[in-house]
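Student: I would like a close look at one residue close to the end of this chain, and at what surrounds it. Could you start with the whole and then work inwards?

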Amino acid sequence: TIANFQRLREFRNQGRIWVTRLSQLLEWTRLRTFLKYSVNLAPGRLIIDIEALDDPVFGRQALEPRDCHGLAFDVPAGAGSVEVRVAGRALAPAAVQQRGSTCWLTTRA
């Protein structure tokens, strides 16, 4: 059992699984549900521009890159590389992980 927990910790540290507190899961769900973003195709790349969080209870909220950690997007086949911008600023390429038809953000500082 201890070896399995150690393996689980290794997977978490490698970013292969997400282990989180309930409060973080609820905040991530709020972000995912009320996220305002646009998607544009450019030659050889897909640009995802994350604008803000528009929560009907708490109102519109500006986002920082660290707020977007763990977000994932479906990428259409043949879209090429993915560029993600938060509030008009491009994320570092290392913060945008892409595998197959999914990209996800690893922006936690």
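Tutor: Happy to. The accessible surface of the protein chain is about 7500 Å², and 53% of that belongs to carbon and sulfur atoms; areas come from the Shrake-Rupley method with a 1.4 Å probe, and for residues only the protein chains shown count as cover. A word on the basis: this is a predicted model, in which local features need pLDDT of at least 70 and side-chain atom pairs count only at pLDDT 80 or more, while totals for chains, interfaces and linings use all residues. Residues are numbered from 1 along each chain as its sequence is written, and side-chain values use heavy atoms, with hydrogens and water left out.

The protein chain holds two helices and eight strands, in the order α-α-β-β-β-β-β-β-β-β from the N terminus. Here helices (H or I, at least four residues) and strands (E, at least two) are DSSP runs, numbered from the N terminus. Along the principal axes, the C-alpha atoms fill a box of roughly 50 × 40 × 20 Å. Of the 109 residues, 25% count as buried, meaning under 20% relative accessible area, with exposed over 50% and partly exposed in between (1.4 Å probe, protein chains only).

Now to Thr-107, which sits in the segment after β8 (102-105). Thr-107 is buried, because its relative accessible area is 11%. Leaving aside residues up to four places away in sequence, Thr-107 touches Pro-65, Arg-66, Cys-68, His-69, Leu-91 and Ala-95; a contact means heavy atoms within 4.5 Å. Two of these neighbours also meet its side chain through backbone atoms: a polar atom of the Thr-107 side chain lies 2.5 Å from the backbone oxygen of Pro-65, and one lies 3.0 Å from the backbone nitrogen of His-69. A polar contact is a pair of N or O atoms within 3.5 Å; within protein, one must be able to donate a hydrogen and the other to accept it, and residues adjacent in sequence count only if both atoms are side-chain atoms.

Cys-68, another residue that Thr-107 touches, is buried at 0% relative accessibility. A search of the whole structure finds zero disulfides, a disulfide being a pair of cysteine sulfur atoms within 2.5 Å.
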